[in-house]
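Dear colleague,

I am handing over a structure to you with this email, and below it I have set out what was found there. Please keep the sequence and the 3D view open while you read, so that you can look up each part as it comes.

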Amino acid sequence: MAQEVRGVIAPGKDETVRIETIVVPDPGPGEAVVRVQACGVCHTDLHYKQGGINDDFPFLLGHEAAGVVEAVGDGVTDVGPGDFVILNWRAVCGKCRACLRGRPWYCFDTHNAKQRMTLTDGTELSPALGIGAFAEKTLVAAGQCTKVDPAVAPQVAGLLGCGVMAGIGAAINTGDVGRGDSVAVIGCGGVGDAAIAGSRLAGAATIIAVDVDDRKLEKARTMGATHTVNSRETDPVEAIRELTGGFGADVVIEAVGRPETYRQAFYARDLAGTVVLVGVPTPEMKLELPLLDVFGRGGALKSSWYGDCLPSRDFPMLIDLHLQGRLDLGAFVTETIQLDEVEKAFERMHHGDVLRSVVVL
């Protein structure tokens, strides 16, 4: 039987979000219904609300979530009712050319649930990143559920569903940060701070945090930054070079997604160093670099989508590190809120007042 639950929708471009009754169908083949316990408020949800992703309104917002599987459809064997899971937005297919080459984190045919959740009048909803977790329950592809140790608190586990995983993965998976490396992270929001935490986990010796907000720089130090640079007051390229013996950082992670900060990252890396773009640009942005500099400086220019993560590999590992006290996921949670406070959480996020607001259901 289909179920009716409460959920937060974005009805139209830049309209205030509201709570509606959502109809969640029974899971079909390859699908699962998950009782959501917590869901982080991510910038991507705000982009959906503002029409920055597409115009397929109304959206059922929320995607950075953890909860308990309530029911599964035919053919589902990896998870079952009662399993505590983190939701992800890249359920790998196992059949595409990336998966068959042993690189499933690059899967070219990720998928979501085939059925749609609806409003009570039958209006189909577009779930944010194929999840839609600002709701008491949601319908997803079973491959979007990754089972982890239930000892972890849902409000911190769910953060791996997007921003924290993106940042940690940008450092560890994409940037291949290693022991003794120097790392600079430009942009110290949730993703940038996660990249700092990931760099510390990987054993980086020097971790330089760059931002325009002293509040964020102070927080970055608690995440593992060894040095901070306020780029409103100091040229970040020169500062990073000075802090790395005049050479530049081995790895520079750009967590803003703007041409000007990407250029800073490009010139702040050492010869043969690596630039990782994990900040999300907008469609109209253009980048211009002298091709001779691209050639002459060598190294690698990479983009990191979801931290090049493989949820089945990375989520349980990072949860174990958290439970061992080696990765403080709780440090990313600024506040816990209710469903009816999501609009206010967007405002606080826009003003830089929070690292993460987390809806607890």
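**The parallel sheet**

Strand E15 (residues 269–277) and strand E16 pair in the parallel sense, and four bridges hold this pairing in the description. One of these places can be found by looking at Thr274, whose bridge partner in E16 is Ala300. Please bear in mind throughout that this is a predicted model.

The two strands belong to an open sheet of six strands, in which the order is E13-E12-E11-E14-E15-E16 and the pairing is parallel. At its edges are strand E13 (227–230) and strand E16 (300–303), each of which pairs on one side only. Direction ignored, neighbouring strands of this sheet are turned by 15 degrees against each other on average.

Within this sheet, strand E11 (residues 182–186) pairs with E12 in the parallel sense over five bridges, and Ile186 has Val210 as its bridge partner in E12. Strand E12 (residues 206–211) is mostly covered, since six of its six residues are buried. In a regular strand the side chains alternate between the two faces of the sheet. In E12, Thr206, Ile208 and Val210 point one way, while Ile207, Ala209 and Asp211 point the other way, and all are buried.

**A pair of helices**

Helix H5 (residues 190–202) and helix H6 (residues 214–223) pack at an angle of about 25 degrees, and their axes are 9 Å apart. Angles under 35 degrees count as roughly parallel, and H5 and H6 are therefore roughly parallel to each other. Their crossing is right-handed.

Strand E1 (residues 3–10) pairs with strand E4 (residues 59–60) in the antiparallel sense over two bridges, and Leu60 in E4 is the bridge partner of Ile9.

Val8 also has its place in strand E1. Is Val8 buried or exposed? Its relative accessible area is 1%, and because buried means under 20%, Val8 counts as buried. Leaving out residues up to four places away in sequence, Val8 touches Val17, Arg18, Ile19, Phe59, Leu60, Leu61, Phe134, Leu339 and Val342.

**Antiparallel pairs around E5**

Strand E3 (residues 31–40) and strand E5 (residues 64–72) run antiparallel and are joined by eight bridges, with Val34 standing opposite Val69 in E5. E5 is also joined by three bridges to strand E6 (residues 84–87), and these two strands run antiparallel as well. In that pairing, the bridge partner of Gly67 is Val85 in E6.

Which side chains make polar contacts with the side chain of Lys137? One is the side chain of Gln3, at 2.4 Å, and another is the side chain of Glu70, at 2.8 Å. Not counting residues up to four places away in sequence, the residues that Lys137 touches include Val5, Val24, Val33 and Val34.

His322 lies in helix H10 (residues 311–323), and at 18% relative accessibility His322 counts as buried. Leaving aside its neighbours within four places in sequence, His322 is in contact with Val152, Val156, Leu327, Asp328, Leu329 and Gly330.

Pro150, by contrast, is exposed, with a relative accessible area of 61%, and this proline is found in the loop between strand E10 (145–147) and helix H3 (154–157). Although Pro150 and Asp83 are 67 residues apart along the chain, their C-alpha atoms are separated by 8.1 Å.

With kind regards

Note on methods:
Residues numbered from 1 in each chain as written. Predicted model: local features only at pLDDT ≥ 70, side-chain atom pairs only at ≥ 80, totals over all residues. Heavy atoms only, no water. Polar contact = N/O pair within 3.5 Å; in protein donor to acceptor, adjacent residues only side chain to side chain. Contact = heavy atoms within 4.5 Å. Pairing = 2+ DSSP bridges. Axes fitted to C-alpha atoms, helices over the stretch in contact; angles between N-to-C directions. Parallel < 35°, antiparallel > 145°, perpendicular 65-115°, else oblique. Left-handed = near helix turned anticlockwise from the far one by under 90°. Buried < 20%, exposed > 50% of the residue type's maximum accessible area, 1.4 Å probe, protein only.
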